[in-house]
Amino acid sequence: MRCDPPPGALSQLSKAQKKTFMHSQDIFVAGHFADAVGELRGLLAQVPLNTPAQTALAERAAEAAIEAGDQAYAISLLRPIEEHDGSDCLARTLLARADAETGQSAERDAELSALNAMHKQDPKSPAGKLDGFELEKHIFKGGGGIAIGYLMHPSGPHNTHLTAEIADASGNPLLMIELDSDDPDQVDFRQTHPDLAAKGDRRYSLDAFVSDKLLPDSKADHHKLIQFYDGMPSYDVVRERILAIANAMQTLPPGTLP
């Protein structure tokens, strides 16, 4: 679910620099993202531009900056990498996320278009091997948050294209939302919209899967259909509906659905 820098990208770092880098990754994993950015920023000042080490450090710093909420700094690190090497998979996925989280939809869509082209062009490349990546994450004021995942190709039994997980303040999943295109749904679609089906369009559905924490009754239906779309909906249309559901859940009593 991610495309990492090529092996050996950091081999030219000194022993002290490697130690600092490893510490930055430890504190990143611990959730101290701003501190990780600080350490990586210091390392970036020590390496030459447009080298594998500089690219790898910049991408790690950008990822930490995004998690810390400093998308502008992340973009400033990633744009030069993309301009230098348009096939850099990690730079493009991180740029797509930074653009998505700052509402830059045109820039986000340009990155997604480039990634999809790279994915189809060379299956053995980092982008070709990529199954999907985290496109957006938002933390709620009252705790908890939502993470939206973008899949590079339809996945699983429901032909899933997008996923969104809404979690509580402890990180427990409450609701999973998927943009699916189930094969059985295409039977009626071909009958009611033969013109669209002939063009290769499909019927899509936005589905919610409720966790046991939110709906403890094991006999209850944990699947809820939100709505159908005839033809692929735009990301912004689906995103707006998903975020509306997530925001509505913040004002409802615990254990209830919008």
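First, my cut-offs: I call a residue buried under 20% relative accessible area, exposed over 50% and partly exposed in between, using a 1.4 Å probe and protein chains only. This is a predicted model, so I keep in mind that local features need pLDDT of at least 70, side-chain atom pairs count only at pLDDT 80 or more, and totals for chains, interfaces and linings use all residues. Residues are numbered from 1 along each chain as its sequence is written, and side-chain values use heavy atoms, with hydrogens and water left out.

Disulfides. I searched for cysteine sulfur pairs within 2.5 Å and got 1 disulfide. Cys-3 is joined to Cys-89, S to S 2.2 Å. I noted -75° about the S-S bond, which makes this link left-handed. Cys-3 sits in the segment before helix H1 (15-29) and Cys-89 in helix H5 (residues 89-101), so the pair ties together parts 86 residues apart in sequence. My helices are DSSP runs of H or I, at least four residues, numbered from the N terminus. Are the two cysteines buried or exposed? Cys-3 is buried at 3% relative accessibility, and Cys-89 is buried at 4%.

Core. I took a nonpolar core as buried Ala, Val, Leu, Ile, Met, Phe, Trp, Tyr and Cys residues joined through side-chain atoms within 4.5 Å. The largest one has 68 residues, and Leu-57 is among the members that touch the most others. Helix H3 (residues 52-68) gives the most to this core, 9 residues. Counting contacts as heavy atoms within 4.5 Å, and skipping neighbours within four places in sequence, I found Leu-57 against residues including Leu-10, Phe-21 and Val-47.

How values were computed. Helices (H or I, at least four residues) and strands (E, at least two) are DSSP runs, numbered from the N terminus.
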